[in-house]
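Please walk me through this protein structure. I would like to see what holds its parts together.

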Amino acid sequence: MTLYFFLWLHHKVNCLILYTKMKFTLIFGSLIGLAAFCFVSCDEAAKQLELQLLTSNIELLEAALRKECNHTENNGLIGRRRRALIREKRLTIDSSISVASHQLSLLKKEYMNCKNYKGTVLTGSKLLGLFAPRNIKHYFWPALNEGKDSGVIKQVVFKKLFSNTAVKVEVTTNMRVAGKEKCCRWFFTFDNQECKPHTIESVRYESTAIISNLLISYSFHGVCPALNRGNLVMALNVGKCSSGNALGDCYTGWYSTTHLTVEEIELS
């Protein structure tokens, strides 16, 4: 009887161990399967998004080619046939991405040849709104207090991408001129030269005999064409006015943040 009991107990223990192993294996296998499914799904979603962005860029560039380069319908025939295969899902996602990337590369080259952008990277100018972010920089100087009457107030270096574009600048700061019939002029220079044919400047004139210390926030801006591509040394300056009035007691800033925005733009 005792022997029979121990044999029965041994059998039950073995069955319990086997059941536990099987349950653990099933749970572990399910977790691995779930993780693999999530990984594949996330990877698939990322690829679909990449393909969607490529297709959108192709459509934008083809529209620009038709509008600006007299690009006819026949020019994009091969690309449209390939994209038809993509839409019909007759290509794998990886093949679709490869085809779309190749088509986009060809269209970029065609656009550069059309617009005479040879030897340049496809960023900026006509394609600023299509494929690349705007070439715009923002500079600021907290608590600027500059009492000089003549010379450079602040200086920055801006990288201009194209030779056939212009540069737009805008500054906001406090300005003051003191003295009877005195004048102060704030102006921009580019590589130590003022903009041609039109300068970018702001002039303040004081006519009263009373010594004035009125600091007022001002903004002025302008566009300078005919600047070479590459690094531009841009400076905000102060100095004498061209009116012939004597130079006043100038002041720039006064415990406030001075903002300067520089952007490369294309003029129509």
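Which cysteine does a disulfide join to Cys-195? The partner is Cys-224, with an S to S distance of 2.2 Å. Note that this is a predicted model, and the distances here are computed from it.

Start with where these two cysteines sit. Cys-195 is in the loop between β6 (193–194) and β7, whereas Cys-224 is in strand β8. They are 29 residues apart, and the pair links distant parts of the chain. The torsion about the S-S bond is about 110°, so this disulfide is right-handed. Both Cys-195 and Cys-224 are buried.

The model has three disulfides by the distance rule. In general, a disulfide is a covalent bond between the sulfur atoms of two cysteines. Turn next to strand β5, where two neighbouring cysteines each have a partner. Cys-183 pairs with Cys-241, sulfur to sulfur 1.9 Å. The torsion about that S-S bond is -80°, and the link is left-handed.

Cys-184 lies in β5 and Cys-250 in strand β11, so the pair ties together parts 66 residues apart in sequence. Cys-184 is buried, with a relative accessible area of 0%. Cys-250 is buried as well, also at 0%.

Now look at the charged side chains. Side chains of opposite charge can pair when their charged atoms come close. The count here comes to three salt bridges. One of them joins Asp-249 and Arg-176, at 3.1 Å from N to O. Asp-249 lies in strand β11 (residues 249–253) and Arg-176 in strand β4 (residues 166–178), so this pair ties together parts that are 73 residues apart in sequence. Asp-249 is partly exposed, with a relative accessible area of 36%, whereas Arg-176 is buried at 9%.

Arg-185 takes part in salt bridges with two glutamates. With Glu-194, the closest N and O atoms are 2.6 Å apart. With Glu-201, the N to O distance is 2.4 Å. Glu-201 sits in strand β7 (residues 201–206) and Arg-185 in strand β5 (residues 182–190), 16 residues apart, and the pair links distant parts of the chain. Shared partners join Arg-185, Glu-194 and Glu-201 into one network. Which member of this network is buried? Arg-185 counts as buried, at 9% relative accessibility. Glu-194 counts as partly exposed at 26%, and Glu-201 counts as partly exposed at 35%.

What lies inside? In soluble globular proteins, nonpolar side chains tend to be buried together. Here the largest nonpolar core has 27 residues. Those with the most contacts inside this core are Val-167, Phe-188, Phe-190 and Met-234. Several strands supply at least two residues each: β1 (136–141), β3 (151–160), β4, β5, β8 (216–224), β9 (230–239) and β12 (258–265). Strand β4 gives the most, with five residues.

Pick out Met-234 to see some of these contacts. Leaving aside neighbours within four places in sequence, Met-234 is in contact with residues including Val-156, Phe-158, Val-167, Val-169, Phe-190 and Val-262. Its contacts also include Lys-154, Gln-155 and Thr-189.

A second, separate core has 13 residues. Among them are Ile-58, Leu-104, Leu-107 and Tyr-111.

Which residues of α3 are buried? They are Ile-93, Ser-96, Ile-97, Ala-100, Gln-103, Leu-104, Leu-107, Tyr-111 and Met-112.

Technical notes:
Residues are numbered from 1 along each chain as its sequence is written. This is a predicted model: local features need pLDDT of at least 70, side-chain atom pairs count only at pLDDT 80 or more; totals for chains, interfaces and linings use all residues. Side-chain values use heavy atoms; hydrogens and water are left out. Buried means under 20% relative accessible area, exposed over 50%, partly exposed in between (1.4 Å probe, protein chains only). Helices (H or I, at least four residues) and strands (E, at least two) are DSSP runs, numbered from the N terminus. A salt bridge is a side-chain nitrogen of Lys or Arg within 4 Å of a carboxyl oxygen of Asp or Glu. A nonpolar core is a set of buried Ala, Val, Leu, Ile, Met, Phe, Trp, Tyr and Cys residues joined through side-chain atoms within 4.5 Å. Contact means heavy atoms within 4.5 Å. A disulfide is a pair of cysteine sulfur atoms within 2.5 Å.
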